[in-house]
Amino acid sequence: EVQLVESGGGLVQVGGSLSLSCAGFGFTFDDYAIGWFRQAPGKEREGVSCISRSDGRAQYADSIKGRFTISSDNAKNMVYLQMNSLKPEDTAVYYCAANLRGCTSPTWDTWGQGIQVIVSY
């Protein structure tokens, strides 16, 4: 079964850091683009960051550029999202997703179940 599982979310204070992990099961991340998305209450889902496993190039949304870093561990079939200088507006459910068409694809083939991140004062 093809599956993505996120971990590492939780409650953090403003200005703090969290590291999210995305593990792939049933397939290898080779040649896949792995993206991080988030959805805040009452808002549409938005793309946060993406890494192309074929060339290692990363993309970031303007709202998190300079604060978040995406990385991957090929050997472990894992992708990470290091989130620093967190703000209340980063509060959301974070999802990782995979597709074979690249970071700019409008459609994603496989999604994780999502993990909650709450940033509070």
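1. Both K65 and D62 are exposed. The model is a predicted one, and the points below describe contacts computed from it.

2. The count of salt bridges comes to five. Among them is the one between D90 and R67, whose closest N and O atoms are 2.7 Å apart. This pair links distant parts of the chain: D90 sits in the loop between β8 (78-83) and β9, while R67 sits in the loop between β6 (58-60) and β7 (68-73), 23 residues apart. In contrast to the exposed K65 and D62, both D90 and R67 are buried.

3. Another of the salt bridges joins E46 to R38, with the closest N and O atoms 2.6 Å apart. Are its two partners buried or partly exposed? E46 has a relative accessible area of 33%, so E46 is partly exposed. R38, at 5% relative accessibility, counts as buried. R38, E46, R67 and D90 are linked in a network of salt bridges.

4. There are two disulfides. One joins C22 to C96, with an S to S distance of 2.1 Å. The link of C22 and C96 is right-handed, with 75 degrees about the S-S bond. C22 belongs to strand β3 (residues 18-25) and C96 to strand β9, so the bond ties together parts that are 74 residues apart in sequence. Both C22 and C96 are buried.

5. The other disulfide is formed by C50 and C103, whose sulfur atoms are 1.9 Å apart. Why is the disulfide of C50 and C103 left-handed? The torsion about its S-S bond is about -85 degrees, so the link of C50 and C103 is left-handed. C50 is in strand β5 (residues 46-52) and C103 is in the loop between β9 and β10, so this pair ties together parts that are 53 residues apart in sequence. Both C50 and C103 are buried.

6. What is the pairing when the bonded cysteines of the protein chain are numbered in sequence order? The pairing is 1-3, 2-4. In residue terms, C22 is joined to C96 and C50 to C103.

7. The count of aromatic pairs comes to five. One of them is F37 with W108, an edge-to-face pair at 5.1 Å centre to centre and 80 degrees between the planes. F37 lies in strand β4 (residues 33-39) and W108 in the loop between β9 (92-99) and β10 (110-111), so the pair ties together parts that are 71 residues apart in sequence. Both F37 and W108 are buried.

8. A further aromatic pair is Y95 with W111, edge-to-face, at 6.3 Å centre to centre and 80 degrees between the planes. Y95 is in strand β9 and W111 in strand β10, so the pair ties together parts that are 16 residues apart in sequence. With a relative accessible area of 19%, Y95 is buried, since buried means under 20%. W111, at 28%, is partly exposed.

9. Which residues do ring pairs link into a cluster? They are F37, Y95, W108 and W111.

Notes
Residues numbered from 1 in each chain as written. Predicted model: local features only at pLDDT ≥ 70, side-chain atom pairs only at ≥ 80, totals over all residues. Heavy atoms only, no water. Phe/Tyr/Trp six-rings, centres within 6.5 Å; stacked < 30°, edge-to-face > 60°. Helix = DSSP H or I, 4+ residues; strand = E, 2+ residues; numbered from the N terminus. Buried < 20%, exposed > 50% of the residue type's maximum accessible area, 1.4 Å probe, protein only. Salt bridge = Lys/Arg side-chain N within 4 Å of Asp/Glu carboxyl O. Disulfide = S-S within 2.5 Å.
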